[in-house]
Amino acid sequence: MDSGLPALMASSRFLPSGTLLESLIHICHEVCSMEKLPLIQIRNVSTTIRRIKLLSSLFEEIQETNCPLHPSSILCLTELFSVIRRVKVLIQGCKDGSSLWGLLQTEIISNQFYVLVKEMGMALDILPSSLLNITTDTREQVELLHKQAKRVDLFVDTKELQRRDELLEVMASNSEKKSTNRSFVDMVKVKEVLSIIGLKSLFDYEEEISKLEADAQKQAGTGGLIAVSNINNLISLVSYSKSLIFSGEQNEKTKGGIRQRSGTDVNRNIDYSSSSLSMFQNIPDEFRCPISLDLMRDPVIVASGHSYDRNSIAQWINSGHYTCPKSGQKLIHMAIVPNYALKSLVHQWCQENNVPLTECSSSAAPQLERSNSQTKTHENIVVDHISAAKAAIDAVKMAAEFLVGKLAMGSPEIQRQAAYELRLLAKNGMDNRRIIAEAGAIPFLVTLLSSNDPRIQENAVTALLNLSIFDNNKILIMAAGAIDSIIKVLESGRTMESRENAAAAIFSLSMIDDHKVAIGARPRAIPALVGLLREGTATGKKDAATAMFNLARYNENKSSIVLAGAVPLLIEQLMDDKAGITDDALTLLALLLGFPEGLKEIKKSQVLVPLLIDLLRFGSAKGKDHSITLLLGLCKDGGEEVAGRLLINPRSIPSLQSLVADGSMKARRKADALLRLLNRYCSHSQNPLT
């Protein structure tokens, strides 16, 4: 063991023992002297600090002896330094981060403390305490610490779990519009939960909002849309709670400003649009769109984690901007996610302040006047038709927003059902597909593709497939970074239907030329399709073949299809009547024939020519067209070898003559050309065709 340690030490770049002990003592002091410890994870933090204090005594005693350390001791101390450094980062994160977000993640953070204590125990496994010149008390304390660390169990504070559940209950009731006449937020319960975790003063609330915004930006940088949505729900909740709890202070500050403006505003023409509304109503800053500075009636979240009114941010993005207006941060995708919590709070505020939720349309009156000039019967039909269509669209919009909210906040069972409902809703109608995408479903469905639940994964990939039928959604799905997750489902989906629908989704997305390039550039995409062609059901094989055909229309992808071994499998499908993909296989083979590597691979088959001859007689019209295309191409490029194989087959000439007489215009022309080509070969061999 000792002979191997110096090499390990060199490779790990261990610090000299003196420097290592100084670093350990210093970092232990930093951890143990932390002030204003977090109000979450109290027991985990305190017990971990107590363990580090005990280790600090050990390090100080070792330093005082000033004796050379055994290599095992240096290895142990180095591991302990790594563990204590991560403990410091974890406690600092709990202290500096949002208490509310930490409360929602209480089980995850508790597990992080548990893992670090376990690693501390594993590091102490290699500590040769008998070789250390330390007191008996210290040795016994370290051995006790070692035993405790080895036996430690995961501790999750039940009180914190209870507070978390209360918080989730408030957030859930905040996102569900159960009543239009009742307040959505139980302020007594909210204030109690917030007070327990340390939010008591106005400064505490503002500091918590800042911390939540920082956490949202961190999550947005990694594309964690569900986390961003949850954090924004918390921001909305804290902001609104602040405005209610400290409304007295806010009102005093704003009254003076309103009085100062009233002298100049009184003689202006009053326009009760959302723009003028912001001049007369005391709208909380949290409810104003950062772009228009007006009330956010339909707030949405962008990739940076900031909220905007849907119309304002849509205009910003559609005008060619790809950055967050508030932070200037580049948006990693253009998807927008409804902020249900903020929308609910805005609606509650509007009800309490008698502010209309919708704006009246002045264009409705002239339209009604014009309709009066028409007959009464026709007028009723038109109005009824418009009303019915509008009601149907509104119903779909409400359903989509409700279901997306369940995707964002629900349990796995609720997410499974919501994804299934969206899958069905997206199955019919372009309007449905557009509305579901506008409700922000796509990013959440993409996240669910990695679910361990087979049904959630299957419903998510099928919903994305149905949504992709609408062309604009193809762009949104690709922008949401879905393709890599779809390929993973195609490779190793938890059900065969998931894999099949992933292949169908690739076919649909690749209808756009730029997407053919992007998908083909993924090294796992085409091999995964070939794998489904080999292993799938008849439906899966057909989906794989059609997807590869679409991708092969971009020349660079043809090489990948051939190299992935597609050609032998496609020829194999021609012999399998039950597979039912003969025409699809022929279509792809005909496309690959025009590519040198494809031609070379196709010519290797000894069974293809007789199969094609039979298909000339018994295949579908489309199958005959592609069969004659393949035979003519092989004869042109394969020369006498292929021609000879055709000529010795007694069915080839009658089949070609039958095609010349009864085939499609394209097939007749190619069959005639092939007959002339064969006749030329026969002329060279002094045995012309008759």
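Student: In which sense do strand E1 and E2 pair, and over how many bridges?
Tutor: Strand E1 (residues 299-301) pairs with E2 in the antiparallel sense, over three bridges; strands count as paired if DSSP finds at least two bridges between them, and strands (E, at least two residues) and helices (H or I, at least four) are DSSP runs numbered from the N terminus. This is a predicted model, in which local features need pLDDT of at least 70 and side-chain atom pairs count only at pLDDT 80 or more, while totals for chains, interfaces and linings use all residues. Residues are numbered from 1 along each chain as its sequence is written, and side-chain values use heavy atoms, with hydrogens and water left out.

Student: What is the bridge partner of Ile301 in E2?
Tutor: That partner is Ser307.

Student: And in what order do the three strands sit in the sheet?
Tutor: The order is E2-E1-E3, in an open sheet with antiparallel pairing, and the edge strands, E2 (307-309) and E3 (337-338), each pair on one side only.

Student: Changing topic, how many disulfides are there?
Tutor: The count comes to zero, where a disulfide is a pair of cysteine sulfur atoms within 2.5 Å.

Student: Is Cys76 buried or exposed?
Tutor: Cys76 is buried, with a relative accessible area of 0%, and Cys94 also counts as buried, at 6%; buried means under 20% relative accessible area, exposed over 50%, and partly exposed in between, using a 1.4 Å probe and protein chains only.
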